[in-house]
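This text walks through one protein, from the whole chain down to a few of its parts. Keep the structure in view while reading.

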Amino acid sequence: MSLPRLSVAVRQVAAIAVAGVLSLGSWAQDAPRPASAQTAPQAPQPQQFILKDYSKAHSHFPNPIAPYTAQHVAAPDLTNTPRIDPLLRDGKIYLSMDDAVALALENNLDIAIARYNLNIADTDILRAKAGANTLGINAGVVQNTPGGAQSTIGSQVGSGTGGTSIASGGAGAGFGGIVGSTLGDGPVITSFDPILTGTLQTDHSKTQSTNVFTGAPVLAQNTGTENFTYNQGFQWGTNLSVGFNNTRATSNSTLTNLSPQLNSGFQFKLTQHLLQGFGLAPNTRFIRIAKNDREISDVAFRLQIISTVDQIENMYWDLVYAYENVRVAQESVTFAQKTLSDNQKQVQIGTLAPIEVVRAQSTVASNQQVLAVAQTNLELQQLLMKNAISRTLVDPKLADAEVIPTSTMQLPAQEAIVPVQDLINEAINHRTELSEARINLRNQEISNRAIRSSLLPTLDAFAYYGGAGLGGSQNPANLCANQSIENQQIGFCSGPNPNAPPGSTPTPIAPTTSYGGTLNQLFNSSSPDKGLGLTLTIPLRNRVAQATQIRSELEYRQAQMRLQQIENQVRIDVRNSQFGVQQNRASVESAQAAVALARQSLDAEQKKLALGASTSTLVLQNQSAMATAESTLVSAMAAYEKARVELDRAVGRLLDTTGIQVADAERGQVTNMPHVPDVTLRQDAPYGTAPPAAQPPPATSPQPPQ
C-alpha cells in the first residue's frame with residue numbers, strides 16, 4: 001500500500017514542479033508586454049531624458065547572468081520637443097522670452113550634453129563600491145552654442161569642454177593653476193566584490209624512466225584538477241581568502257600505493273591590516289570621493305543651466321534689438337524716400353535746386369545700406385536663436401521660419417535699492433563655483449587622511465585553518481601478487497608477499513576511500529592545518545611615501561587659497577554687475593532724453609520747411625539724428641536688460657527669479673513654465689504682433705459657469 005501512495009505523491013510533486021516551470025516561463029514571456037504596449041502610436045509627447053541610477057549594480061537574482069551582460073544606453077533623441085509646434089504659425093515662430101527659456105531647457109544641446117555627466121558620476125560610485133579607483137568627472141560648463149555675450153569676470157570658474165577626464169587614482173591634472181595629482185592616492189584596496197576563481201584541468205602524460213624509483217619503464221599518469229578560490233576585501237581593512245583544491249591521479253608505477261589517488265584540501269584565511277590600510281578612512285576613500293563627485297555633478301549641472309539661461313536671455317535681447325534696429329532703419333529709408341520724392345516734384349516746378357535731389361538720393365542710398373546691414377544682422381540673430389532652442393534645423397519649416405519676439409523690454413520705474421553687502425552675502429551662499437570648490441576641498445581632506453596611512457609600515461595579522469584529505473583505491477600494479485619475484489624480494493609492494501625478505505613486515509593493502517570520505521577528512525581534524533602570524537614590511541627611508549604626503553598637503557593648502565580667490569572673484573563679480581545695472585540705467589535715461597530732443601527738433605525743422613525757412617537737407621539731417629538716437633535707445637535698453645540678467649547670475653539667483661526647476665532640466669521636460677521678471681508682451685510691434693503662445697491646459701477640473 002505504501003508503494004502506490006509513494007508513486008502518487010511523486011506524481012503530484014512532479015505535476016506541481018512542471019506547473020511552476022511553465023508559470024515562470026509564461027511570466028518571463030509576459031513581463032515585457034507592458035513595455036510593448038507603451039510603444040503603441042500615441043499623440044506626440046515631450047521627450048524625457050531618463051536619469052537611471054547607475055550607482056546600483058545588477059543583481060544575480062532573478063537573472064544569474066545579469067552582472068555579466070552589457071547594458072544598453074539608448075541613442076540620443078535628436079528631434080525637437082513638441083513645445084515648438086504651437087509657436088510655429090504662418091511660417092513664423094512667435095517667441096516670447098518665457099518660451100525661449102523653456103525650449104532651451106528641453107532642446108539646447110549644451111544642456112543635453114551636460115545631462116549625461118550626472119549618469120557618468122553614478123558609474124564612479126558603482127566602481128568605488130567595488131573597491132576600484134574613480135575615473136573622474138567633468139565639472140565644467142559646456143559652451144558650444146554660438147551667440148549671446150558671456151560674462152568675462154569669473155568665466156573661467158568651472159569651465160570645461162563637456163568631456164570626462166581620466167587620470168590615475170581618480171585625480172585630474174587640475175585647472176587655474178591648481179594641481180590635484182594626489183587626489184585619491186593611498187594604500188592599495190582589495191576588491192570589495194567577491195572574486196571566485198576556478199581551475200578545471202585534465203592532464204595525460206607519459207615519461208620515460210631514468211631511474212629504478214620510477215616504478216615503470218614508461219611512467220603513465222592521468223591527473224584531473226579541480227581547484228576553487230574565493231577572495232574578498234572588506235572596508236575596515238580585512239581580506240578573506242578561501243581555497244578548495246582537489247586532484248585525482250592514476251599511475252602505472254609499481255611504487256604508488258593508490259591508483260586512483262584522491263587529494264582534497266581547503267584553507268580559510270583572514271588577514272587584517274594593523275598599520276597601513278587600517279580602518280575605514282583609507283579603504284572607503286573612493287566611495288566618499290565618488291559621492292562628493294556626484295554632488296559636484298549636480299552643482300555643475302545647475303551651473304550649466306544658469307549659464308545657458310543667461311545666454312538665452314542675452315540672445316533674446318539681441319534679437320529684440322535687431323528687430324528694433326530694422327524698424328528704425330526702415331523708418332529712415334521711408335522718410336528719406338518721401339523727402340526725395342518731394343524734392344523731385346519741387347525741382348520739376350522750378351522751386352528747388354537740382355542739387356537737393358542729388359543730396360536726397362545720397363541719403364536714401366546711405367539709409368538703404370544701413371537697412372541692409374540691420375536686416376542681415378536680424379537674420380543672423382534669428383538663426384542663432386533657432387539653433388539655441390532646438391536640437392536640429394533639418395526641418396525646412398523650422399529652418400526657413402522667421403523668429404518674431406513677442407516680449408519686449410520693461411524699464412522699472414525705480415531701481416530696487418539693495419545694500420551691496422547683502423548681495424555679496426547672497427552670492428557667497430548661492431554661487432555654484434564656491435560650492436564646487438568647497439566639495440573639492442573635502443575630497444582633498446579625505447585623500448590626505450588616506451595618504452598619511454601610506455606613510456606607515458605594513459603590519460598584517462593573519463590566521464588560517466585548513467585540512468587535507470586522502471582517498472582512492474589500491475593500485476593493482478603495486479600488489480605483490482602482480483609483481484616479479486625480484487620486486488617481491490625488494491619488498492616495495494603491498495599485500496601478501498611470499499618472497500619478502502626475512503624479518504620484514506608486509507605492507508597492508510590500502511583501504512578504498514571514496515571522495516565523500518576524502519571530504520570528511522577535511523573537517524574531522526584528521527589532518528588539520530592551522531596557525532596565525534604577523535607580516536611586517538618596513539620600507540627603509542620611505543622617500544616615495546614622504547614625497548606623496550607632503551605633496552598632498554601642499555595641494556590642499558593650494559586649494560584653500562583657490563577657494564579664497566574664487567570668493568574674491570565673486571565679490572568683484574557682484575559689484576561689477578551692480579555697476580553695470582546702474583551705468584546702463586543711466587544710459588537708458590540719457591538715450592530717452594536724446595530721442596525726445598531729436599523728435600522735437602525734427603518736428604520743428606519740418607514746420608520751418610513748410611514755412612520756407614529751412615531746407616530738405618536740414619530736415620534729413622535731423623531725421624538721421626533722430627534715427628541714431630532711437631537706435632542708441634534700443635541698444636541701451638538691451639544692454640540694461642542684459643545687465644539685470646548678469647546681476648541675477650552674479651548673485652546666484654537667476655534660477656529662483658525665473659522659477660526654473662532643476663528637475664525639469666534634468667528630465668528635459670518642462671512642467672513649470674519659467675517666468676522672466678520685468679518683461680512685458682509687445683503690443684505695438686510694427687512687424688506684427690503674435691497672439692499669445694499656446695500653453696498646455698492646466699490640470700484642474702472644469703469650473704461651472706458663473
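What does the accessible surface of the protein come to, and what percentage of it belongs to carbon and sulfur atoms? In this predicted model, the accessible surface is about 38,100 Å², and 59% of it belongs to carbon and sulfur atoms. The protein has 706 residues, of which 40% count as buried. Its secondary structure consists of 16 helices and 11 strands. Take the contacts between residues at least 6 apart in sequence: 78% of these join residues at least 24 apart.

Now turn to the helices. Two packed helices are described by the angle between their axes and the distance between the axes. Helix 4, residues 109-129, packs with helix 6, residues 285-348, at an angle of about 175 degrees, and their axes are 8 Å apart. Angles over 145 degrees count as roughly antiparallel, and helix 4 and helix 6 are therefore roughly antiparallel to each other. On the side of helix 4, the residues that make the contact include D110, I111, A114 and R115. On the side of helix 6, F286, I287, A290 and K291 are among them. By type, the residues of this contact divide into 10 nonpolar, 5 polar and 9 charged.

Helix 6 has a further partner in helix 10, residues 432-454; these two pack at an angle of about 170 degrees, with their axes 9 Å apart. That angle makes helix 6 roughly antiparallel to helix 10. Helix 6 contributes residues including R285, R288, I289 and N292 to the contact, while T432, E433, S435 and E436 are among those from helix 10. Here the division is 9 nonpolar, 5 polar and 9 charged residues.

Next comes a sheet. Strands of a sheet pair through backbone hydrogen bonds, either parallel or antiparallel. In this protein, 3 strands form an open sheet in the order 1-2-7, with mixed pairing. Strand 1 (88-89) and strand 7 (402-405) are the edge strands, each pairing on one side only. Strand 2, residues 92-95, runs parallel to strand 7 and is joined to it by 4 bridges.

Terms used:
Residues numbered from 1 in each chain as written. Predicted model: local features only at pLDDT ≥ 70, side-chain atom pairs only at ≥ 80, totals over all residues. Heavy atoms only, no water. Axes fitted to C-alpha atoms, helices over the stretch in contact; angles between N-to-C directions. Parallel < 35°, antiparallel > 145°, perpendicular 65-115°, else oblique. Contact = heavy atoms within 4.5 Å. Nonpolar A, V, L, I, M, F, W, Y, C, P; charged D, E, K, R; others polar. Buried < 20%, exposed > 50% of the residue type's maximum accessible area, 1.4 Å probe, protein only. Areas by Shrake-Rupley, 256 points an atom, 1.4 Å probe, with all protein chains shown as cover. Pairing = 2+ DSSP bridges.
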